[in-house]
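Please find below a colleague's note on the model under review.

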Amino acid sequence: MTALLGGLFIICLHLLGALSGLMALMSSRTSQGAIAWMISLVTFPYLAIPAYWFLGRPRFYGYVSAREQRDTSLRRVLDRFRTLVEPAFAHPEDARLRAVERLAMLPMTGDNHCQLLINGHDTFESLFEGIEQAEDYVLIQFFIVRNDALGQALKRRLIDCAARGVHVFFLYDEIGTHAMPDRYFEELRTAGVAVSPFGSSKGWRHRFQVNFRNHRKIMVVDGRQGWVGGLNVGVEYRGESKKHGHWRDTHLKLIGPAVLGLQESFWEDWHWATGDILSLAWHPRRAPGEAQQHVVIVPSGPSDPLETASLLIQHAINQANERFWVTSPYFVPDQGVQDSLKLAALRGVDVRVMMPERPDHLLVFLSAFSFLGEMIRAGVKIYRYQPGFLHQKTFLIDDHTSAVGTVNLDNRSFRLNFEVTAYVADQGFAADVAQMLEKDFASCRQVTLEEITRRPLWHKLAARAAYLASPIQ
């Protein structure tokens, strides 16, 4: 009897593996991923089935985007926002920007002002000043929040802000901030701050969505000022960690009607996390002075109908005629981005990729060695940042367009994370980004083809093995 039950269990397990393989065939975003999952699920169902159901889900289900949904409360509020924005702040028609707007599902607006925040000290000084200036509401969202000196400083300011009668809404990723003690958030709630985790596996219908993350870092004050970029909340982001040392990162402060794009991104995330629809001011306002910068906020994530982040990067590369410079702490782009970088270099564009010298994720670091040789042969210049850890996520197109955001050039940012990018079409701001990156490149060493080809055999094997696991890194 025991043997019969055991045999039936094995047969059922292999049948479930075969059914899961069919699901992988129909839903995987790449042919390589589909083949890998199908072979694993049929051959090794004992290990592959739980791995597929927890790590192989290709889409994030249940997330309602106001930008693509119709006849919902979210959509009706956003339609009113568009009605206010488009007649007053619309930019001149430009075919180069049409694709970006369609990816964002938000309009690009003029009359904005962007300020680069080049290090952790300047960034948190600006963020804290913004909190102190708030009169109506503060929306704040981070992937990582630590219970250290910087995290405590943020908590005090949010509590003081709520005590002034300002409405404060605080959203954090439950995986990125898993080490935070409950009392930190309880103190905020007691003070009147609305706090919620962004839980990707919310509810029984979505209990297997554990491999997704909300990687966005956003703050909005009164719908007038917004911040976005690479920095989380922790002393290491100010270069005060003995483990990491010097930390190179970039944030952006935004004033103007495009701030409401950041607000809309937060608004959708809050709705997923809590089920609530925030009642906020949706009144676009011009930046003071003569600011004329054109900006569109591009949210991206695993619930999108298209692979927004990857397509945005490919579009940016294809727009370049003179230079395309990009920085990313994790560089394992998909084949489309790799090919776009190589083609740009082959047509004479100055293509530069800046990466860290020291890794903080070994598998991601090793994976890059699998294809760097091909990139260098095509003319792509690879640089490794020397003074410390490079964490900024920026790119520059010629002398007219640049971006600051949260997207890394890897599969996790392209397909598994909720991300956001501020895409700025302005020569003045592009000049500021170029000046910043020129200083960074002066602190880098360029990787040579000989360095890649002369690696020992064990390193080449480890790099190939790591690259095979890149879809779930």
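1. Basis of the model. This is a predicted model, in which local features need pLDDT of at least 70 and side-chain atom pairs count only at pLDDT 80 or more, while totals for chains, interfaces and linings use all residues. Residues are numbered from 1 along each chain as its sequence is written, and side-chain values use heavy atoms, with hydrogens and water left out.

2. Strand S19 and its burial. Helices (H or I, at least four residues) and strands (E, at least two) are DSSP runs, numbered from the N terminus. Strand S19 spans residues 417-425, and nine of its nine residues are buried (buried means under 20% relative accessible area, exposed over 50%, partly exposed in between, with a 1.4 Å probe and protein chains only). In a regular strand the side chains alternate between the two faces of the sheet. On one side of S19 lie Asn-417, Glu-419, Thr-421, Tyr-423 and Ala-425, and on the other Phe-418, Val-420, Ala-422 and Val-424; both faces are covered.

3. Partners of S19. Which strands pair with S19 in the antiparallel sense? Strand S10 (residues 293-300) does so through seven bridges, and strand S17 (residues 401-405) through five; strands pair if DSSP finds at least two bridges between them. Within these pairings, Val-298 has Thr-421 as its bridge partner, and Ala-403 stands opposite Tyr-423. Strand S5 (residues 213-214) runs parallel to S19 and is joined to it by two bridges, with Asn-214 opposite Phe-418.

4. Asp-111. Most residues other than glycine have a negative phi, and most peptide bonds are trans. Asp-111, although not a glycine, has a positive phi of about 65 degrees. This residue is found in strand S1 (residues 109-117). With a relative accessible area of 11%, Asp-111 is buried. Its side chain makes a polar contact with the side chain of Arg-286 at 3.4 Å (a polar contact is a pair of N or O atoms within 3.5 Å; within protein, one must be able to donate a hydrogen and the other to accept it, and residues adjacent in sequence count only if both atoms are side-chain atoms).

5. Asp-398. A positive phi, near 50 degrees, is also found at Asp-398. Asp-398 is placed in the loop between strand S16 (394-397) and S17. Its relative accessibility is 4%, so Asp-398 counts as buried.

6. Aromatic pairs. The structure holds 18 aromatic pairs (rings of Phe, Tyr and Trp, the last by its six-membered ring, pair if their centres lie within 6.5 Å; planes under 30 degrees apart count as stacked, over 60 as edge-to-face and the rest as tilted). One of them joins Phe-124 and Phe-128, whose ring centres are 6.1 Å apart; the pair is tilted because the planes stand at 50 degrees. Both residues lie in helix H6 (residues 120-133), four residues apart, about one turn of the helix. Phe-124 is buried at 2% relative accessibility, and Phe-128 is buried at 8%.

7. A pair across the sequence. The rings of Phe-198 and Trp-272 have centres 6.3 Å apart and planes at 40 degrees, so this pair is tilted. Phe-198 belongs to strand S4 (residues 194-198) and Trp-272 to helix H9 (residues 259-274), so the pair ties together parts that are 74 residues apart in sequence. Phe-198 is buried at 2%, as is Trp-272 at 4%. Elsewhere, ring pairs link Phe-170, Tyr-172, Tyr-184 and Phe-185 into a cluster.

8. Charges over rings. The charged end of Arg-323 sits over the ring of Trp-325, 4.7 Å from its centre (the criterion is NZ of Lys or CZ of Arg within 6 Å of the ring centre and within 35 degrees of the ring normal). The charged end of Arg-352 sits over the ring of Phe-441, 5.1 Å from its centre.

9. Cysteines. How many disulfides does the structure hold? There are zero, a disulfide being a pair of cysteine sulfur atoms within 2.5 Å. Cys-114 is buried at 5% relative accessibility, and Cys-161 is buried at 0%.

10. Recorded annotation. An unreviewed UniProt entry carries the annotation "domain: PLD phosphodiesterase" for residues 210-237 and 386-413; UniProt positions are given in the numbering used here, feature names are shortened, and annotations may be inferred rather than shown by experiment. Over residues 386-413 the chain is 11% helix and 46% strand, with the end C-alpha atoms 24 Å apart.
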